[in-house]
Amino acid sequence: MKSDNQSFLGDSPQNFILLGVSDRPWLELPLFVVLLVFYILAMLGNIAIILVSRLDPQLQSPMYIFLSHLSFLDLCYTATTVPQMLVNMGSSNKTISYGGCTVQYAVFHWLGCTECIVLAAMALDRYVAICEPLRYAIIMHHALCQQLVGVAWLSGFSNSLVQVVLTVQLPFCGRQVLNNFFCEVPAMIKLSCADTTVNDATLAVLVAFFVLVPLAFILLSYGFITRAVLRIQSSKGRRKAFGTCSSHLVVVSLFYLPAIYMYLQPPSSYSQEQGKFISLFYSIITPTFNPFIYTLRNKDVKGALRRLLARTWRLCRG
């Protein structure tokens with residue numbers, strides 16, 4: 001009886017079993033190939049965005065400071081989860097240690113909350129650029145951008161720390177099987193055999209704050225932006241203004257819609273089967289698409305990438 005109801009508190013770390021799609025063995029090989037391709041694309045795309053944002057002298061505006069941090073977040077997202085997924089899908093051993101699981105959901109939660117605030121900072125940047133163009137350089141100075149980024153990372157870390165402290169105290173009884181591709185806080189809470197009321201309430205309040213408050217700020221900013229753009233007399237000017245915002249809006253949609261579905265539903269209605277595929281979407285699909293969205297819709301980034309490739313080619317030949 002003791003072995004079935006033991007807590008991790010005071011015990012040696014044990015393993016969790018990550019089911020993934022092991023209940024559908026025919027899916028493992030094609031999903032492994034798809035994940036590997038997306039992982040490579042995500043790595044290459046986000047590294048390219050970081051390099052051009054840091055190295056190209058024409059991409060030193062606040063917008064690209066935030067973009068480089070967004071790409072770094074997406075890079076960390078995929079590095080935190082996808083290698084473990086690939087290892088599990090490529091072998092019969094689908095386990096992760098308790099310590100590895102804790103680190104995974106701690107870092108994943110940290111990155112997610114940080115990205116919420118970075119996306120809000122990018123919306124602020126677009127608002128000032130379009131609604132206050134003459135004061136843009138004064139308002140969005142380098143020090144303010146660094147402070148906003150610092151607040152984003154520190155806030156995300158603080159939120160993650162609270163979640164980890166509460167989650168590691170939960171006892172997990174019997175067979176520790178996670179019907180997921182990687183470790184996440186909602187799945188861990190669902191798996192516990194203790195009363196999780198405090199965990200559910202804390203997760204709901206903090207995630208609502210980190211998701212809904214930045215999202216409300218983003219929507220408010222774009223409300224003002226839309227009003228300002230509609231006042232522009234030139235149709236070419238309107239298209240250019242909307243063009244600078246469209247990439248950010250697409251990225252916001254790809255990030256927030258799955259997060260809202262995943263984290264802002266009642267705990268009783270949380271489905272691990274649905275949750276694991278939503279998790280798969282924002283852990284690999286969104287980080288892969290983001291650099292391509294910004295590249296395909298941004299002439300400055302495309303020009304910077306061409307210059308970087310040309311410089312790299314010259315170095316390789318010389």
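## Basis of the description

Because the model is predicted, local features need pLDDT of at least 70 and side-chain atom pairs count only at pLDDT 80 or more, whereas totals for chains, interfaces and linings use all residues. Residues are numbered from 1 along each chain as its sequence is written, and side-chain values use heavy atoms, with hydrogens and water left out.

## Strand β1 and its partners

Helices and strands are taken as DSSP runs numbered from the N terminus, a helix being H or I over at least four residues and a strand being E over at least two. Strand β1 covers residues 15-18, and two strands are said to pair if DSSP finds at least two bridges between them. On that basis β1 is joined by three bridges to strand β2 (residues 95-97), the two running antiparallel, and Asn15 has Ser97 as its bridge partner in β2. Strand β3 (residues 177-178) also pairs with β1, here in the parallel sense and over two bridges, with Val177 of β3 as the bridge partner of Ile17.

In a regular strand the side chains alternate between the two faces of the sheet. The covered face of β1 carries Phe16 and Leu18, while Asn15 and Ile17 are on the uncovered face.

## Aromatic pairs

A pair of aromatic rings is described by the distance of the centres and the angle of the planes. Rings of Phe, Tyr and Trp (its six-membered ring) pair if their centres lie within 6.5 Å, with planes under 30 degrees apart counted as stacked, over 60 as edge-to-face and the rest as tilted. The whole structure holds 10 aromatic pairs by this search. One of them is formed by Phe16 and Tyr98, a tilted pair at 6.1 Å centre to centre with 40° between the planes; this pair links distant parts of the chain, since Phe16 lies in β1 and Tyr98 in helix α3 (residues 98-131), 82 residues apart.

Phe289 counts as partly exposed, at 37% relative accessibility. Elsewhere, ring pairs link Phe72, Trp110, Trp153 and Phe157 into a cluster.

## A nonpolar surface patch

Leu29, Val33, Val37, Leu41 and Phe292 make a nonpolar surface patch of about 420 Å². Patches are made of residues with over 30% relative accessible area and no salt bridge, like charges being joined within 9 Å and nonpolar side chains (Val, Leu, Ile, Met, Phe, Trp, Tyr) within 5 Å; the accessible areas come from the Shrake-Rupley method with a 1.4 Å probe, and for residues only the protein chains shown count as cover. Helix α1 gives the most to the patch, with four residues, whereas Phe292 belongs to helix α9 and is partly exposed at 35%.

## Salt bridges

There are three salt bridges in the structure, each being a side-chain nitrogen of Lys or Arg within 4 Å of a carboxyl oxygen of Asp or Glu. Glu28 and Lys94 meet at 2.9 Å, N to O, and they link distant parts of the chain, with Glu28 in α1 and Lys94 in the loop between α2 (62-89) and β2, 66 residues apart. Glu28 is buried, at 15% relative accessible area, and Lys94 likewise counts as buried, at 12%.

In the salt bridge of Asp125 with Arg126, the closest N and O atoms are 2.8 Å apart, and both residues are buried. Glu132 and Arg135 meet at 3.8 Å, N to O; Glu132 is partly exposed at 28%, as is Arg135 at 46%.

## Two buried positions in helices

Ser160 is found in helix α5 (residues 142-167) and counts as buried at 4% relative accessibility. Contact here means heavy atoms within 4.5 Å, and, leaving aside neighbours within four places in sequence, Ser160 is in contact with Ala106, His109 and Trp110.

Val252, in helix α8 (residues 235-263), is buried at 6% relative accessibility. With neighbours within four places in sequence again left aside, Val252 is in contact with Leu119, Leu215, Ile218 and Leu257. The C-alpha atoms of Val252 and Ile218 are separated by 8.7 Å, although the two residues are 34 residues apart along the chain.

Technical notes:
Buried < 20%, exposed > 50% of the residue type's maximum accessible area, 1.4 Å probe, protein only.
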